[in-house]
Amino acid sequence: MLVVDDSITVRQGIKNLLHNNYDVSLVQSVLSAIVSITLDKPDLILLDYEMPVCNGQQMLAMLRSEEEFADIPVIFLTTRTDQESVRRVVSLKPEGYLSKYLKPEDIKQKIDNYFENKRA
């Protein structure tokens, strides 16, 4: 799993939450994410919506436009939960959209559910 977020606090928090069950890699920018994905295609990307230079919506659009990366599942993990922000990315077919305001155990449960549903 690859966590893409410009906040070190969020990245480390997600790693601490998930590292017992998942192999978690962390990057702080879209550019770093593209390099990481090229070297090792993840099973899931947790992607922040708002980042400097290139935001999560732009990154997901880039992934979907490249055949090699188009099928990588992406779940947004963000503070942007307004309808307009969600609507903008629906056409890019993310696997989900999670609020950073959720309790950590709820975030973990939703990620666990994603993998359980994928296996089924």
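Here are a few friendly notes on this predicted model.

1. Let's start with the sheet. Five strands make up an open sheet with parallel pairing, and their order is S2-S1-S3-S4-S5. Strand S2 (25–27) and strand S5 (96–99) sit at the edges, each pairing on one side only. From one strand to the next, the twist averages 20°.

2. For a look inside the sheet, take strand S1 (residues 2–4) and strand S3 (residues 45–47), which are joined by 3 bridges in the parallel sense. Val3 has Leu46 as its bridge partner in S3.

3. Helix H5 (residues 104–119) packs on this sheet and touches S3, strand S4 (74–78) and S5. The direction of H5 makes about 165° with that of S5.

4. Next, the surface. Leu31, Val35 and Leu39 form a nonpolar patch there, and together they have about 360 Å² of accessible area. Leu39 belongs to helix H2 (residues 30–39). With a relative accessible area of 72%, Leu39 is exposed, because the cut-off for that label is over 50%.

5. Two backbone angles deserve a glance. Most residues other than glycine have a negative phi. Val53, which is not a glycine, has a positive phi of about 70°. Val53 is placed in the loop between S3 and helix H3 (56–65), and its relative accessibility of 89% makes it exposed.

6. Lys93 also has a positive phi, near 55°, in a residue other than glycine. You will find Lys93 in the loop between helix H4 (83–90) and S5. Lys93 counts as exposed, at 61% relative accessibility.

Definitions and conventions: Residues are numbered from 1 along each chain as its sequence is written. This is a predicted model: local features need pLDDT of at least 70, side-chain atom pairs count only at pLDDT 80 or more; totals for chains, interfaces and linings use all residues. Side-chain values use heavy atoms; hydrogens and water are left out. Patches are made of residues with over 30% relative accessible area and no salt bridge: like charges are joined within 9 Å, nonpolar side chains (Val, Leu, Ile, Met, Phe, Trp, Tyr) within 5 Å. Accessible areas come from the Shrake-Rupley method with a 1.4 Å probe; for residues, only the protein chains shown count as cover. A salt bridge is a side-chain nitrogen of Lys or Arg within 4 Å of a carboxyl oxygen of Asp or Glu. Helices (H or I, at least four residues) and strands (E, at least two) are DSSP runs, numbered from the N terminus. Buried means under 20% relative accessible area, exposed over 50%, partly exposed in between (1.4 Å probe, protein chains only). Two strands pair if DSSP finds at least two bridges between them. Axes are lines fitted to C-alpha atoms, for helices over the stretch in contact, and angles run from 0 to 180 degrees between N-to-C directions. Contact means heavy atoms within 4.5 Å.
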